[in-house]
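Me: I am new to this structure. Please walk me through a few features.

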Amino acid sequence: MNFKQIETLIVGGSFSSIPLQKELDRTGSEYIIVNAGKRIWDELEKKGRLDFDLVSSLYTSVYTFELIDMMRNNKEIGDRYPTAREFYSIMLKYQKMYEHKTVKGQVNKIENFKDYSIVTLDDGDVYKAKNVILSTSFKRQIHNSLESFEFDTSLKGKTVVLKTIGDSANLMIAKLVCFGAKVKLISNGFVALDKLFKNPEFLSGSDVSTLDQFEYHNVTRFFPTLYEGTISAGYLQAYMFPNKLTDFLYGPLSFPNTYPLSVREDSSKRLRKTFLNIYLRLIPFVRTAKAPDNSSIAIKHWPIDIYEDKFSDDLYESIDKGFLLNDIVFFIDQGYVELFSKKRTTVDKSAKTIISDGKSVEYDYLIEGDREKPNLPEIIYHNDEGEPQVFDYKYRNTYMGVLAPELNNIFLLGYTRPFTGGLSNITEMQCLLIHKMIVNEEFNEKVNKNIEKKIYRYNKKYYLSNKPVPSDHVVYFGFFTEEVARIIGIQPRLRDSRSFKDVAQYFLFPNNSHYYRQKGEYALDGASDFVDHVSSEHQHFLTLLFPITLYGLFLLSFFFSFYYLPIPKLYSVLAFFGLLIPINLISGLIIGNWGIPMPDRPDKYGFLVHLMLLAGSITAPIFGEWYFAAIPIVTSFVFVKRLSKKGLNRHVFCDLKSKRRPEYLEFFQKYRKTFLSVMSAKKKKKSEQTVEEVY
């Protein structure tokens, strides 16, 4: 058989492989791309479905080199969400750039040997490649619905059942609700996260920040309880308390408490295990999970209050660009979407009926989903006895989602997903890891040495249980990117900091890929300038000091409250550490209850909460009385509860009180009317274009 020989063959060549291709070009490495030419984004563009904005910010959706080019060419740069059409134009740019490297074809089979792989295409062509990179995206049933489901006024009054939830499904819900459909959502639960936050007025930088910028993974290395105690600002912790206690601590309008079907049934159990790790970390030589639970599905949405504040002045143009109001929490609370438990609901397709807890509902349309599954060709490898085996992909059996121990120089790319943050962070770092393994044999051997043990240690560190689950490929992106950076040897170190700016960046700057491309062998000219730009835009992320400082002061106040109790000091300290988990939970809930800046709430309220706790932390040691620390805790809690009652603050995530304000209910009717107007104009334009094509 005649083979076409190539050093490196990239199967798929999707947007995920672009950073790898640029690095291979830089080092003069030989490669080709085999692509079947069927991309979900191309199909969406053909059918006019690029009418949405991304759930990840510009800084986490676009690669470092593209962000640097945008900054240098004075293109619109900033902490914002790009539209699908804007992102697609960037994809087209790189598709055209690498057309000369691309061979159109479908890979049917890969036979993997010790030093090479035989890759067979559907047209009969056969390649012999030293390295094979699989970048073939995922198979998703929901993609078919995104492409072909008809959204129009005929949906009014029709019942649509969604047996899936996620950002794609939520995009469909945003349209269905506005077209007047009655939506029934069957799910195992999800976490709803606000996409955008207002910054305090005292900061002179950007007035808003995207959710992606509120990450501070590196704090965990030195303050392991802080991340769990603050990152969800009490939203996740609310799952762990009885309803009445949650009402008291977090307020009666907590979304997960009001709508328990939105919560995964095992969430409380898994969160308890997450917080148990607080104690386990204190035991020498005990290795325990570092990251919080990642088994839930996260949905990032525009909360209606923030959406109204940002887009009301040019509503028609915003909707036309693709900025759709997709507040799943608002839709559920106002009755536009009804929740059903997937575990307790059966779907009778023949009768077009769903049955749940004795309730029967007839439907007109059913939209189904499935789990993400890599679209891999058949891969045959040879075991230690030389016998051929079919490769069975399991994410937890791979190293950094890239290497499977049974395969030789076959690399997996793009099958690791972020719980929050953007996919580009993960894939860019994976590309750097793959590139170094391709061009540096010594590094390749080092990584592969004892790889099973490395996989075991990683799984022990980042998974709460030994049992694999379908969401194993979903990671907290900042922990993941830091791990890859350490493997490659390009991670910044605290001891290298030379200024306040360096220290602030180390602890507070999100672990985006551009953060790791400032120095080292994969440094990019302009990366440091871009990182400085992002830091300056967010005032060196001083906003994050609000919840972090508040958490620290709460912890300190609780400690003094116990320490100065009229009992032996040893018992006082033991009592504090013994109750560290509930203290951590309550602190997180109070932080979440304190909320975020509102347009009509002065910043002074936030400072007052800090000052109360600070006063207690100072006076308690001076006077040696426990109540000097305990009283500010109670006072600050009452204070934030009072603010909530007056509507002067909102919970960090999913505040139902703000969503129920009359002005937002009125705004939604205006939004809905404008949405239908935009959709009508688009349909008319598409119809006119079709007529022109016919004639």
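Me: In which helix is the place of Ile455?

Reply: First, the ground rules. This is a predicted model: local features need pLDDT of at least 70, side-chain atom pairs count only at pLDDT 80 or more, and totals for chains, interfaces and linings use all residues. Residues are numbered from 1 along each chain as its sequence is written, and side-chain values use heavy atoms, with hydrogens and water left out. Helices (H or I, at least four residues) and strands (E, at least two) are DSSP runs, numbered from the N terminus. Ile455 sits in helix H18, residues 451-462.

Me: Is Ile455 buried or exposed?

Reply: Buried means under 20% relative accessible area, exposed over 50%, partly exposed in between (1.4 Å probe, protein chains only). Ile455 has 6%, so it is buried.

Me: Which residues does Ile455 touch?

Reply: Contact means heavy atoms within 4.5 Å. Not counting residues up to four places away in sequence, Ile455 touches Arg396, Asn397, Thr398, Tyr399 and Pro405. Met400 is 55 residues from Ile455 in sequence, yet their C-alpha atoms are 8.0 Å apart.

Me: Which helices do the buried residues of H20 pack against?

Reply: They pack against H8 (219-222), H21 (527-537) and H22 (545-563). The buried residues of H20 (500-508) are Ala504, Gln505, Tyr506, Phe507 and Leu508.

Me: What is the strand order in the open sheet of three strands?

Reply: Two strands pair if DSSP finds at least two bridges between them. The order is E15-E16-E17, with antiparallel pairing. E15 (345-348) and E17 (359-362) are the edge strands, each with a single partner, so one side of each has no neighbour in the sheet. E15 and E16 (353-356) pair over four bridges. Val347 has Ile354 of E16 as its bridge partner.
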